[in-house]
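User: I have a structure open and would like to learn how to read its features one at a time. Could you walk me through some of them?

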Amino acid sequence: MKILYVSNLCSEKVFKYVFDTSINKPEQADQKFHGLLTKGLGKLNNKCTIETVSSIPVIPSNHKRKLWYVKSEVFNNIKYTYIPFINIPVVKNLGVFLYTFFKVFFWSLFNIGKKRMVVCDALYVTIATASSLACKLTFTKNVTIVMDLPGLMVTNIRKDTKITSLVYRKIISWVLIRFDGYILLTQQMNPKVNPKNKPYIIMEGLVDSGMRGRINNLEKKADELIVIYAGGLYEKYGVKTLIDAFTMLNNSNARLHIYGSGEMVANMHKYTNKDSRIMYKGIVPNAVVVEDQLKATLLVNPRPTKEEFTKYSFPSKNMEYMVSGTPTATTKLAGMPIEYHDFVFLFNDETVEGMHKTLENVLNTNRDELHKFGEQAKQFVIKNKNNEKQAERVLEFYNSKLKK
């Protein structure tokens, strides 16, 4: 089977260059999701071949480089093809649209008569629209991955004019209903993005099968009781509640390490000055965060369940946390299947006092017990949610629901 994967995915080498040279660092969560899924598909080379078409994640306001031409490259049975563009508003979008359209169109024509599928990230409206049109003209099955709802997540709030934002919403709404199939993070997403009830599967996330060999060694844990939050720094994500809950802990050995970016960065020094146990680590490559998670005592996601957007998302950090083998504490998110509940500590009370009590109880638990609990969570996601198994599900989805 032939698969063309259209997104903003870059190889690790190219993304490192973009990350190191950008004024504002690009999102890493979608890179990790797409990267793991394509690697999983790449390992199924006896069943499929995969090529990516990638719009490199830079915009004029975030990168000074104007002319982008990156040669194609092959890693782990995956061919990465990068869309050339001039990094100027409107000019970039037009160029990316045309290149994507013709690439998908001719790829589809070249593979007529073969089992073929285009997988596309719906939230990148330029490449999504171009892919959808090209697939319709060539009668190629087009499946979209929807990782959150447009405009609903805090980090998706656009800073354009009202007219531009309205146009964006109209286009993406038009495109979303024209795919042949959907890969969604939560069941609640389906009626929102798939009103015609076309075939879909739920894939709340995936973990790197390579983490099987990464040992979470209790003897190499930090001496301090380190609590880590890594993600968007927004009050709406419960970060301030977490900080206030942590400051109530009467434990001089406890530490709160915070990674990420967002509106709260501007005031982060106030929290670190008030409580020396709190450290803001900034924006660092995901590999660095993963290493630190292995040494930590507890990984937390305080995202409030009362917020509407929590029904339509499954934070990738939860999967990353669990596969590290370090225990995870999270709120009872509506989009989190109940099967996860036995493998995480739950913030049942999301007030400052309630969160403080949960943190206190967990940090007072015997380290051996915590380590065992974290290992059980790791084994659960490695067995059931690894990227090779999820890639198999994508092929199965095509064969059972989309193939004519």
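Predicted model: local features only at pLDDT ≥ 70, side-chain atom pairs only at ≥ 80, totals over all residues.

User: What should I look at in the backbone of Val90?

Analyst: Start with the general idea: most residues other than glycine have a negative phi. Val90 is not a glycine, yet its phi is positive, at about 70°. Asn197 is another case, with a positive phi near 55° in a residue other than glycine.

User: Where is Asn197, and is Asn197 buried or exposed?

Analyst: Asn197 sits in the loop that runs between helix 6 (190–193) and strand 10 (200–202). With 56% relative accessibility, Asn197 counts as exposed.

User: Now to packed helices. How do I describe two of them?

Analyst: Two packed helices are described by the angle between their axes and the distance between the axes. Take helix 7 (residues 239–247) and helix 11 (residues 352–363): their axes come within 8 Å and cross at roughly 60°. As for handedness, helix 7 passes helix 11 in a right-handed crossing.

User: Which residues of helix 7 and helix 11 meet?

Analyst: From helix 7 come Thr241, Leu242, Asp244, Ala245 and Phe246, and they meet Val352, Met355, His356 and Leu359 of helix 11. Sorted by class, this contact between helix 7 and helix 11 has six nonpolar, two polar and one charged residues.

User: What about aromatic rings? How is a pair of them read?

Analyst: A pair of aromatic rings is described by the distance of the centres and the angle of the planes. In the whole structure, a search finds 15 aromatic pairs. One of them is formed by Trp68 and Phe85: the ring centres are 5.9 Å apart and the planes are at 10°, so the pair is stacked. This pair links distant parts of the chain, with Trp68 in strand 3 (residues 67–68) and Phe85 in strand 6, 17 residues apart. Both Trp68 and Phe85 are buried.

User: How are the rings of Tyr340 and Phe380 arranged?

Analyst: Tyr340 and Phe380 have ring centres 5.3 Å apart and planes at 85°, so this pair is edge-to-face. Here too, distant parts of the chain are linked: Tyr340 is in the loop between strand 15 (328–331) and strand 16 (345–347), while Phe380 is in helix 12 (residues 367–384), 40 residues apart. Tyr340 counts as buried, with 0% relative accessibility, and Phe380 is buried too, with a relative accessible area of 9%.

User: Which residues do ring pairs link into a cluster?

Analyst: Look at Phe101, Phe102, Phe105 and Phe106, which ring pairs link into a cluster.

User: One last stop. Where is Val290, and what is Val290 in contact with?

Analyst: Val290 lies in helix 9 (residues 286–295). Val290 is buried, because its relative accessible area is 11% and the buried class covers values under 20%. Leaving aside neighbours within four places in sequence, Val290 is in contact with Lys32, Met211 and Glu320. To compare sequence with space, take Val290 and Glu12: they are 278 residues apart in sequence and 15 Å apart in space, C-alpha to C-alpha.

Terms used: Residues numbered from 1 in each chain as written. Heavy atoms only, no water. Axes fitted to C-alpha atoms, helices over the stretch in contact; angles between N-to-C directions. Helix = DSSP H or I, 4+ residues; strand = E, 2+ residues; numbered from the N terminus. Left-handed = near helix turned anticlockwise from the far one by under 90°. Contact = heavy atoms within 4.5 Å. Nonpolar A, V, L, I, M, F, W, Y, C, P; charged D, E, K, R; others polar. Buried < 20%, exposed > 50% of the residue type's maximum accessible area, 1.4 Å probe, protein only. Phe/Tyr/Trp six-rings, centres within 6.5 Å; stacked < 30°, edge-to-face > 60°.
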